[in-house]
Amino acid sequence: MAYPSKAKTAGPTHEQIIRDVRAGKIAPIYYLMGTESYYIDRLADFLVSSLLKPEERDFNLVTLFGAETQIDEVILAAKAFPMGAPYTVVLVREAQNLAGIERLEFYCKQPQPTTVLIICHKNGTLDRRLKVTSAIEKVGVLYESKKLGDGQLPTFVRNYVARQHKTIDNAAAAMMGEFVGADLNRLASELDKLLLSLPEGQTQIDEQLVRAHVGITKEFGIFELQDALAEKNIQRANQIADFFDKNPKAYPVQKFLPVLFKFFSNLMMAYYAPDKSDRGVAQWVGVSEWQARRSLIPAMQRYSGVKVMKILEAIRRTDARSKGVGNSDISSGELMRELLFFILH
């Protein structure tokens, strides 16, 4: 089945594709592309499992790899008839390495009705100026998987947990997104660990469980440090610096500099938000309301824009020194202590 052109709409979502397949609306071609591999893999696996029973796959599932395959081999496999199954499924992985994709345009003019061709193109997209792009959209599904923004991660976390028939509170969901980041495969893996770690009888993931199981120490971690800086809590920030200095292998300065740089970059953006409410700042910066309320709003009241610009430069200098630039023999903890002193004074 074809969806409207991306020029007119945002294109099909992965949820829409899943709903259609479950409703029996099967397209002859699914071209799955984009910079976020998580949804590409999920859709490919879903399509294969929905179209073929396990016992049907030996004879009716053809898996090809772009770097090892010619486009003519893909087309030839797509023209085959199924054996004892409703469909032949041709799955092309790593299609970004497949040469001559333009020739697929001719197959699109008369696709094999008993074949479902699934093409997985990661780390990029099909050139929309090519005729083959519109040909695929006309008869099949052209899906683009984009990286999620920071503000979208808590929703992804909540939905992922809900599919496992569990819940996660808003603070824990925001913390997961902030600590793990936008790598959805890693985020899903960390959520699986949390779900397995839930005590018997407990159905909700809370902030305490996240801190205990997602690389955050029960004593101090990046969130405690960020909170201390947002509040300009000098005593607590120094306590954290002491803790890091005593545990240099587990907590090198390089581990925290990217997080601090991101926080102060977001803070710099927050000053320009037309609406300074929690929601207004969150939408402007692209973070959750929880993040804005917990750290950005307090920090806006304690730091000037000029100071934040200087802090960002100081973080860059610290990063360079941690890598040996103009730095002879200073410990990771001392570098962090110097940076925190500059930030807080």
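## A parallel sheet

Strands count as paired if DSSP finds at least two bridges between them, and both strands (E, at least two residues) and helices (H or I, at least four) are DSSP runs numbered from the N terminus.

This is a predicted model, where local features need pLDDT of at least 70 and side-chain atom pairs count only at pLDDT 80 or more, while totals for chains, interfaces and linings use all residues. Residues are numbered from 1 along each chain as its sequence is written, and side-chain values use heavy atoms, leaving out hydrogens and water.

Five strands make up an open sheet with parallel pairing, in the order E2-E3-E4-E1-E5. Which strands stand at the edges? They are E2 (61-65) and E5 (141-145), each with a single partner strand, so one side of each is left without a neighbour in the sheet.

## Confidence

The pLDDT, which is the predictor's confidence in each residue from 0 to 100, averages 87 for the protein, and 93% of the residues score at least 70. Over residues 5-9 the pLDDT is below 50.

## A helix with a buried side

In helix H4 (residues 71-78), the buried residues are Ile71, Val74, Ile75, Ala77 and Ala78. Buried means under 20% relative accessible area, exposed means over 50%, and partly exposed is in between (1.4 Å probe, protein chains only).

## Salt bridges

The structure holds 14 salt bridges, each a side-chain nitrogen of Lys or Arg within 4 Å of a carboxyl oxygen of Asp or Glu. In one of them, Lys147 meets Glu36, with the closest N and O atoms 3.5 Å apart. Lys147 lies in the loop between E5 and helix H7 (153-163), and Glu36 in the loop between E1 and H2, so the pair ties together parts that are 111 residues apart in sequence. Lys147 is partly exposed at 46% relative accessible area, whereas Glu36 is buried at 1%.

Glu190 and Lys193 form another salt bridge, with 3.7 Å between the closest N and O atoms. Being three residues apart in helix H9 (residues 184-197), Glu190 and Lys193 are separated by about one helical turn.

Conventions. Contact = heavy atoms within 4.5 Å.
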